[in-house]
Amino acid sequence: MQGMLFDVLIWVMAIVFVIVEFVLVYAAIKFRHKPGNPLPKQTHGNTTLEVAWTIIPTILILGLGVWSVQVLWDMEKPPVGSDPLEIVATGHQWWFEFNYPDAANGKSITTANELKIPVGRPVSLSLESDDVIHSFWVPKLAGKQDMVPTRENPLWFMADEEGYYYGQCAEYCGTQHAQMKFAVKAVSEEEYIKWVEGYGESPSLSTEAQLGQQLFAGKGQCITCHSSAGPDSEALVQARVNGFLSGSAIAPGPNLTDLATRDKFAAGIYDRNSENLKDWITNPDELKSGNYMSKLAQIYQTEDGNANLTESEVEALVEYLQSLK
Amino acid sequence: MAQITEAAHHEEEQNCTGIDNRKLLFWVFLSTDCLFFGALISTYMVYRGQSLVGPYPIDILDIPLTTISTFVLLCSSFAMVMALSATQKDDIKGIRIWLAATAIMGMVFIGFQIFEFWEFAHHGLLISTNLFGTTFFTLTGFHGAHVSLGIVWLWVLFILSFRGKVTSARALDVEICGLYWHFVDIVWIVIFTLIYLVGGFDAGPVITG
Amino acid sequence: MATIATKQSEGNTFSVIWSWITTVDHKRIGILYFVTAFIMFLVAGIEAGIMRMQLATPGGNLVSPDVYNQMFTMHGTTMVFFAIMPLNAAFFNYIIPLAIGARDVAFPRLNAFSYWTFLASVLFMNFGFIVGSVPDGGWFAYAPLSEQPYSSNQGMEFWSIGLMLAAVSSAVAGLNFVVTIVNLRAPGMTLMRMPVSVWMFFVVQILLAFAIPVIAVGLIELTMDRLFGTLFFVTSAGGDPVLWQHLFWIFGHPEVYILILPPMGIISDVLPAFAKKPLFGYPFIVFSGIAIGLMGWAVWSHHMFTVGLGPIAVSVFTITTMLIAVPTGVKIFNWIGTLWGGSIEYKSAMLFAVGFIAMFIIGGLSGVSHAVAPSDYQQQDTYYIIAHLHYVLFGGAILGIFSGIYFWFPKVTGKLLSEKLGKLHFWITFVGLNLTFFPMHYLGMNGMPRRIYTYATEFGWDNLNALSSFGYIVLFVSMLIFVYNIIKSYKSGEEAGHDPWDAPGLEWTITSPPPVYNFSELPVVEGRDPYWIVKRRAVAEGKEIPGPQPLVDPSTVHLPDPSYWPIFTSVALLILAIGFMIEIPVWFVKYPISVVGGLLVFVGVLAWSNEPPTKEKDH
């Protein structure tokens with residue numbers, strides 16, 4: 001329905017464009033002054049013509065307008081009886097938080113920046129924000145809606161085919177608005193369930209990863225802003241937000257519980273491989289300048305902004321993160 | 001080539017409508033001021049009942065007291081009318097009495113407002129306390145600023161009356177001040193009705209569905 | 001002949017400068033607006049250049065993200081408030097009194113005050129560059145991003161307070177011109193005999209008068225949040241960011257008509273002059289201008305389609321926005337009707353006027369697609385919108401303004417601009433603007449959001465961005481040609497005479513440049529296109545075509561005297577503004593310098609009202 005409206009709109013615009021520009025250019029050329037031309041007829045207007053070209057466009061416009069309104073209402077809500085998957089998407093500077101109150105079989109999930117959904121089932125989002133206005137836009141799946149603090153804006157869409165659909169924040173939200181990306185990963189029902197069931201199950205950790213886990217909660221203090229062992233409660237995130245607003249060295253950070261299932265990190269901008277993760281942990285500001293991790297986390301308050309960690313400690317952390325499935 | 005000549009004659013100042021330029025300017029200005037207050041009032045109305053913490057209007061507004069100050073302001077508009085009338089009749093004593101009366105009543109109104117603001121601050125309502133405080137102080141504050149400018153204007157006219165500058169020939173000066181004063185009065189009636197009479201019984205956040 | 005008119009500029013340097021500082025002559029004020037605005041246009045163009053060079057390649061890092069964000073904020077703000085609005089104001093000032101047969105505006109000192117306050121706002125906001133606190137909230141400064149703690153330096157105060165100064169300037173000028181147009185028209189010039197340019201200027205003054213108070217309130221609320229701890233847009237206290245958007249766009253949408261109606265008016269004067277026939281359907285064009293002015297108040301939330309207003313509101317604004325395409329279309333058809341059957345001479349002014357129509361058709365059509373809300377859900381906040389706005393503002397407003405410059409430059413300076421350079425300027429601009437902005441339609445539809453300091457190559461946006469950036473270079477060259485033409489023609493251009501175009505308006509009945517008093521005898525107007533009536537009658541009767549009004553001794557004309565109170569008051573206002581940037585807690589006063597500024601404003605206003613507009617003369 002939407003598609004047909006777009007197509008008709010484009011065709012109408014193209015036709016009007018061609019006709020009007022043609023008439024303009026024709027008149028502009030045909031009625032050029034040639035030396036010796038007498039004064040042209042001093043026509044003041046033609047009321048019939050003017051009324052016609054007022055009324056006809058009005059009818060055309062109203063027709064398109066009414067149709068647009070119909071399409072608008074049609075796309076308001078997911079199809080009746082379709083059992084949409086409900087997700088809360090919260091915008092933060094500069095990453096996307098996704099909460100599934102009931103991903104499957106009553107299990108709740110908090111993840112970030114990669115929205116995994118089952119193919120062929122409508123997804124019903126509630127868009128929110130904890131700081132400034134952001135906007136949720138997956139061009140190939142739906143139009144955008146803004147994530148406005150104090151509001152819960154609804155948006156729904158459905159992926160007909162499996163795929164990795166790029167998304168981006170579409171409302172200027174500060175320094176790194178350009179690097180606030182995300183993706184919708186539409187997978188088969190089986191794969192989706194597999195991901196849900198694997199979420200938060202204690203991963204099997206190598207020795208190095210265990211060291212990383214200790215650093216995560218210990219020296220690195222990552223746990224202040226990032227959870228890695230399950231979903232975040234609303235209260236927890238709110239506490240982090242309040243801490244940030246009152247000037248403490250804390251801010252809401254992406255939930256990392258299933259980081260190793262995501263294709264990218266740092267809000268859809270870097271491929272998730274060990275080398276990138278290592279660069280990121282060593283000095284996030286070099287990869288995404290102005291981000292709050294570098295600004296606030298104690299571990300980065302050094303002269304050059306490099307983490308106050310040894311190289312092997314960083315590698316241990318990376319090993320830990322790469323085990324989070 | 002063109003001969004330099006005297007200008008033909010001292011033309012009448014061109015005026016298509018017959019309305020003095022300054023009067024017309026002032027009416028247009030008043031309509032813009034309507035929108036200014038309209039936007040401030042809209043902000044107040046949008047935020048009615050949205051304060052998350054108290055004090056709330058019902059806790060703190062003293063409607064009887066403000067009714068008195070409103071009455072004083074209304075009376076001052078009457079005094080203003082008398083001042084204009086005196087100007088048109090060149091009644092210099094009347095001019096001074098009524099201009100002073102208008103200004104003094106305006107000052108009484110402002111006095112009541114200052115007292116009110118002081119009391120509210122003592123009861124814990126500041127401009128940064130909650131949305132009620134923010135919108136109340138901003139709206140009434142800007143109105144009070146308008147009244148204060150009007151009071152200054154009245155006193156200036158009062159002083160000028162001692163220099164023979166307030167005469168029937170220049171009654172427009174007083175008329176325009178009068179327009180301003182009545183405008184400010186009417187705005188107050190709207191503000192008083194909305195904040196005190198309509199919104200004065202608000203208590204706590206409005207629960208919406 | 002030129003001596004009387006330029007007597008003002010004789011004397012030593014100081015007295016010349018002083019005469020400009022204290023001028024209340026609408027023509028000088030128009031020139032002041034033009035020069036300042038054009039410089040700011042070039043400044044905003046450099047800001048655009050920095051962005052285009054950064055975006056020419058993926059992963060560009062010419063400037064840091066923060067600087068890039070400052071660039072798009074300042075580019076937008078400067079172009080709207082410090083370039084296009086005051087360029088329009090230059091025309092209001094110079095042309096309105098001449099076109100209606102008046103000696104000056106209704107309140108010449110208030111007019112000067114408007115200019116100096118405008119200059120103050122330019123200097124104030126751009127001062128942020130010097131102290132490293134540049135506004136970076138985007139030109140519409142959405143809350144809460146524009147609030148503390150998200151915008152923590154003083155940049156957004158330079159923005160909001162600077163704009164308040166600009167608002168005062170424009171609002172006051174709006175009032176002045178309303179009274180001027182209503183009251184000061186020459187005998188015989190009824191409203192329906194005014195040139196369409198004056199009609200459009202008139203509608204715009206009324207729009208200004210009503211729209212500016214709304215943004216003023218928004219700016220005050222934002223500034224109070226930042227400086228005094230109020231809670232207007234503080235979400236943790238229940239403040240609603242969408243309220244800011246409503247206040248901004250209730251102003252912002254009429255604002256775009258404030259930007260475009262004057263250039264539409266300008267080309268409505270230019271087209272008949274060079275087509276050698278009257279404007280086709282004068283009443284329809286006037287009424288559609290009025291309709292646009294009125295309907296423009298009912299469409300503002302189309303800027304907010306994605307904010308979550310709900311389908312009812314979105315539906316209503318879809319319909320109202322689509323309907324406003326109708327009067328716009330009527331104008332376009334009527335302009336084409338003016339060309340039809342004419343005998344068109346393609347001087348530069350005419351090229352730009354026809355170019356305006358061609359480009360505005362594109363901008364208008366993309367606007368219609370925005371009005372369709374489901375379509376806007378994809379287009380909003382993308383380069384498609386940037387394409388639309390630049391087609392209507394560059395392809396529209398700027399081309400229209402250039403048309404006006406080429407049309408009236410001879411009147412202002414007495415010299416003709418080079419036609420050769422003018423045509424070159426036009427064609428290079430035309431190519432440049434299409435190269436720069438047409439690709440943006442595709443970029444937007446291919447998913448490129450706006451206000452991003454960089455993009456990744458994997459999205460396939462590289463080539464079109466490179467093309468667009470190349471287009472910028474072409475535009476840059478076109479500007480150089482224009483500036484060169486202006487300077488060269490001003491110094492050594494051909495003498496223009498009083499009526500180089502055989503045009504219909506009253507301004508062509510006097511010398512070029514006009515004498516300080518404009519008309520030695522106030523004209524009596526017999527109909528629309530008054531000078532054509534007089535000239536054609538002379539030809540029909542075999543008489544000599546009447547030339548410019550003969551000059552008279554200016555001291556015999558009743559003119560307002562120069563005054564320094566307008567600039568004094570503007571400076572006082574500037575001090576008041578600066579005071580809010582410097583916190584010095586003294587007793588219960590946080591900003592004592594502002595208090596001083598306020599008192600100085602009071603002094604200025606008092607002295608000004610006490611000063612008679614003209615000293616009594618014996619004649």
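Colleague: What makes the five strands β4-β10-β9-β6-β7 of chain A an open sheet?

Modeller: This is a predicted model, and in it those five strands of chain A line up in the order β4-β10-β9-β6-β7, with mixed pairing. The ends are β4 (114–118) and β7 (145–147) of chain A, each pairing on one side only. From one strand to the next, the twist averages 25°.

Colleague: How do you know that β6 and β7 of chain A pair?

Modeller: Two strands count as paired if there are at least two bridges between them. Strand β6 (residues 134–137) and β7 of chain A have three bridges, in the antiparallel sense, so they pass that cut-off. As for who faces whom, A:His134 stands opposite A:Met147 in β7(A).

Colleague: Which strands does helix α3 of chain A touch as it packs on the sheet?

Modeller: Helix α3 (residues 189–198) touches β4 and β10 (181–187) of chain A, and its direction makes about 130° with that of β4(A).

Colleague: Moving to the other chains, how do you know that B and C are in contact?

Modeller: The cut-off is C-beta atoms within 7 Å. With that, 37 residues of chain B are in contact with 45 residues of chain C. The elements giving two or more residues on the chain B side are α1 (21–46) and α5 (131–161) of chain B, and α1(B) gives the most, with 13 residues.

Colleague: What is that side of chain B like by class?

Modeller: The side touching chain C has 19 nonpolar, 16 polar and two charged residues.

Definitions and conventions
Residues are numbered from 1 along each chain as its sequence is written. Chains are lettered from A and ligands numbered from 1 in the order in which they are written. This is a predicted model: local features need pLDDT of at least 70, side-chain atom pairs count only at pLDDT 80 or more; totals for chains, interfaces and linings use all residues. Two residues are in contact if their C-beta atoms, placed from the backbone, lie within 7 Å. Helices (H or I, at least four residues) and strands (E, at least two) are DSSP runs, numbered from the N terminus. Ala, Val, Leu, Ile, Met, Phe, Trp, Tyr, Cys and Pro count as nonpolar, Asp, Glu, Lys and Arg as charged, and the others, Gly among them, as polar. Axes are lines fitted to C-alpha atoms, for helices over the stretch in contact, and angles run from 0 to 180 degrees between N-to-C directions.
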